[in-house]
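Hello,

Please find the structure below, followed by notes on what was found in it. Keep it open beside the text as you read.

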Amino acid sequence: MNALVVNRVLQIIPVLIGISVITFILIALAPGDPAEISLRAILDTDNPSPQAISLMRAEMGLDQPYHIRYFIWLSRVLQGDLGYSYISHKSTIHEILYALPTTFYLATLAMAISIIVGIPLGIAAAVRQNGLIDHVCRLFSVVGNATPEFFLAILLLLFFSIQLKILPVAGSGGIQYFILPSLVLAVGLIAITSRLMRTSMLDVLEQNYILTARSKGLDRGTIITRHAIKNALLPVLTYMGTQFGWLFGGAVVVESIFALPGIGRLTVDAVNTRDIMVLQGCMITFAIIFVVVNLAVDMSYIWLNPAIRYDEV
Amino acid sequence: MYYNICNYHKTGPCRYRDRKGTMSIIIEVNQLSVHFPLSTATVKAVDGVDLAVEERETLAIIGESGSGKSVLGTAILGLFPPTCTVSGTITYEGKDLLCLSEEQLRSVRGLQIAWIPQNPASALNPSMRTGLQVGEPLSRQAGWTRERIHERVLELFAKFRVLPPEERSQAYPDSYSGGMLQRSLVAMGTSASPKVIIADEPTKGVDTLNKESIATAFREVRNQGITLVVITHDLDFARELADRVVVMYNGAVLEISDKERFFERPLHPYSAGLLRSLPENGLVPIPGRATARDGAFTSGCRFRSRCPGAGERCAEEPPLIRARHDDAVRCWNYD
């Protein structure tokens, strides 16, 4: 099993290198001169002077060829230096570490909501197949899946913040600032999780070992809790795991709407001001989170499915 | 009318009661039909089966794939696939199992009538320790604590040679070999000391050595005085274990014979064909193919289209006819 873990961890390296190359190329291909766009934000003017622009180009290293720029950046990253923001002049690591807890909190809350709601919903829909819960669940998943996040965010804001005035519109602070954003993120995830859990449950309930359990005279409740749920969770958990990374992506939109100072908003700001080092830092952070989450999912497989426990047997 | 239980009893009225003096019937299946209505045709998996299982005997139900023997086996536990229609009666200790509520059936399953499923690899929950699964029938009885069940499971594992018991009981099913898995299924079936065990294809996909160890396990079960119904297409296994042999074909019983007499001189042309197809008897195949699945069978004797001696009379389905001693056969040759 240790070999399995080491193998998985080593696989992270090429993935991260690949992602860094792709982000680098995408930033290089983006239209407009990064130095000029940055200066507009820094100097708060529409037309920065040509001297300032050429100085800025030198500072950003834009006068170097692309591949040299990449390797300079890579060598600094390997030394633990992600550069600094041209706007705030704080180090990228500082910016990211400041923003990360907010997004992490948001994503975890959204994930928790979708697990708490989605999985029992899926189980209930499968156990009472074609019953009321099943139909409600199906309707919810179609609507939930089809509604864009920004639209749902605006609806929830209008209702809870403007009409009822029970939740803040935007900003950060206590948990009340996180309720609406995490709800928005959770809805889409619940929609898919519940359907996936339902399908997986129905599939498991058809398995031979369920018939064996019935032949032992176990009651339906015991069969479902003891024999079905754990086996049905496996594919759902994989999906949920990959979606945790996706939640960080979804946070880009949601954080912008609700003015939460998370990494999603940091990324959007960095794109708008062509704050290249911060942008690359954010991308690498997203990549690391995605890869680490997938690793955690693989590890949880081992708990759920003993057949993958290679050397323990 | 033709395969009516009355016909059977007319030919041999006191068939069971006086056999070996003390024998009594523990399970009686009467006119059982399990049909699957499909859009094009109705698949008659079990079609008017009459069968009596005697207490403490080992009864082998043999037949090809698709003959309905597995459906018959699970029917005795009151377990039916969701889409089927069921008629007839299955009497166990004076109660018709088909009339019991799910609650009442549960008190029979595992405790009175246990089942040993086929395909051991998929018959156990992959994410639950095997020992827990083997002891599960006991957990439903009062007074069985976790520790006591564990003790019992270790005893059973030792008895059925699932070794070393402690380690095996903690392991998950995927780490078992095929033979060992099958033996732990036997242990599971016997764990709550049921009166009857129905075993579905216990030797399917098992090599000769493991087959011997499984046969030993089943002999052990038989020696405990448990009534055994072994569903199998393995004639050697049936010969080794059974007291009586029931031959099923296309959902119906074609022959019920004493084991010795069956292997000496089978009654039905189909039984004779089965025995001729054994390697030691020349590996002669039965011409044609079973028609249960494609629904080509409509009326008359089910084996007619493949039978070398089929005559005009076979257009009408024969009843079960008493042929010799207590043996019965569904063939006009013995009328």
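**Where chain A meets chain B**

A:R226 and B:E136 are joined by a salt bridge, with their closest N and O atoms 2.6 Å apart. Please bear in mind that the model is a predicted one.

Which helices of chain A supply at least two residues each to the side that touches chain B? They are helix 9, residues 208-215, and helix 10, residues 220-258. Helix 9 of chain A gives the largest share of that side, with six residues. Sorted by class, the side of chain A that touches chain B holds seven nonpolar, six polar and six charged residues.

The contact as a whole takes 19 residues from chain A and 26 residues from chain B. The size of an interface is often given as the accessible area lost when the parts come together. Between chain A and chain B the buried area is about 2000 Å². Carbon and sulfur atoms give 54% of that area.

**Chain A as a whole**

Chain A has 12 helices and zero strands. Taken along the principal axes, the C-alpha atoms of chain A fill a box of roughly 85 × 55 × 30 Å.

How much of chain A is buried? Of its 313 residues, 45% count as buried. Looking at contacts in chain A between residues at least 6 apart in sequence, 73% join residues at least 24 apart.

**One helix of chain B**

Helix 8 of chain B covers residues 178-190, which is 13 residues. What span should it have, and does the model agree or disagree? At 1.5 Å a residue, the helix should span 18 Å. The expected span is 1.5 Å times one less than the number of residues. The end C-alpha atoms of helix 8 are 19 Å apart, which agrees.

Is helix 8 of chain B mostly covered or mostly open? It is mostly covered, since 12 of its 13 residues are buried. Among them are B:G179, B:M180, B:L181 and B:Q182, and also B:V186 and B:T190. The charged residue B:R183 is buried too.

Regards

How values were computed: Residues are numbered from 1 along each chain as its sequence is written. Chains are lettered from A and ligands numbered from 1 in the order in which they are written. This is a predicted model: local features need pLDDT of at least 70, side-chain atom pairs count only at pLDDT 80 or more; totals for chains, interfaces and linings use all residues. Side-chain values use heavy atoms; hydrogens and water are left out. Contact means heavy atoms within 4.5 Å. Buried area is the accessible area (1.4 Å probe) that two parts lose on being put together, summed over both. A salt bridge is a side-chain nitrogen of Lys or Arg within 4 Å of a carboxyl oxygen of Asp or Glu. Helices (H or I, at least four residues) and strands (E, at least two) are DSSP runs, numbered from the N terminus. Buried means under 20% relative accessible area, exposed over 50%, partly exposed in between (1.4 Å probe, protein chains only).
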